[in-house]
Amino acid sequence: MTNTVSSVTLSTSAAARIAAIAVRQAKPAILRLSVEGGGCSGFQYRFGLADAPEADDLVSETDGVQLLVDPVSIDLIAGAQVDYVESLGGSAFRVTNPIAASGCGCGSSFSV
């Protein structure tokens with residue numbers, strides 16, 4: 001049984017981008033976000049498409065796209081939002097994490 005979490009969310013632009021990627025890869029529109037040790041600031045975000053939620057995953061849904069977070073990672077990203085941004089420098093998923101005390105310039109790692 002999965003748990004619903006509203007404290008980590010996807011923006012509508014991130015949901016649209018995940019849905020487009022999932023169609024191209026013939027996978028369900030399910031994104032797994034996890035936190036691992038490492039990166040230049042101490043922790044780093046990991047993104048990947050998933051086939052289905054695990055029993056203990058926390059699940060958030062935006063526009064039919066599911067965001068999965070494991071129970072260990074949720075403590076480090078509670079209240080965060082995953083966005084998809086496009087700029088002259090490129091496009092990327094960006095996590096706005098209110099718990100992060102600092103982060104690196106590229107936005108892929110953080111410290112608490």
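Visitor: How many helices and strands does the secondary structure of the protein chain come to?
Guide: The model is a predicted one. Along the sequence its elements run β-β-α-β-β-β-β-α-β-β-β-β. The count for the protein chain is 2 helices and 10 strands.

Visitor: In what order do the 3 strands of the open sheet lie?
Guide: The pairing in this open sheet is mixed. Strand 2 (9–10) and strand 8 (90–96) are the edge strands, each pairing on one side only. The order is 2-7-8.

Visitor: Which helix packs on the sheet?
Guide: The packing element touches strand 2, strand 7 and strand 8. Its direction makes about 80° with that of strand 7. It spans residues 12–24 and is helix 1.

Visitor: Over how many bridges do strand 7 and strand 8 pair, and in which sense?
Guide: A hairpin of 2 residues joins strand 7 to strand 8. Strand 7 covers residues 81–87. The pairing is antiparallel, over 7 bridges.

Visitor: What percentage of the 112 residues in the protein chain is buried?
Guide: A residue is counted as buried under 20% relative accessible area. The accessible surface of the chain comes to about 5,900 Å², with 52% of it belonging to carbon and sulfur atoms. Of the 112 residues, the buried share is 37%.

Terms used:
Residues numbered from 1 in each chain as written. Predicted model: local features only at pLDDT ≥ 70, side-chain atom pairs only at ≥ 80, totals over all residues. Heavy atoms only, no water. Pairing = 2+ DSSP bridges. Helix = DSSP H or I, 4+ residues; strand = E, 2+ residues; numbered from the N terminus. Contact = heavy atoms within 4.5 Å. Axes fitted to C-alpha atoms, helices over the stretch in contact; angles between N-to-C directions. Buried < 20%, exposed > 50% of the residue type's maximum accessible area, 1.4 Å probe, protein only. Areas by Shrake-Rupley, 256 points an atom, 1.4 Å probe, with all protein chains shown as cover.
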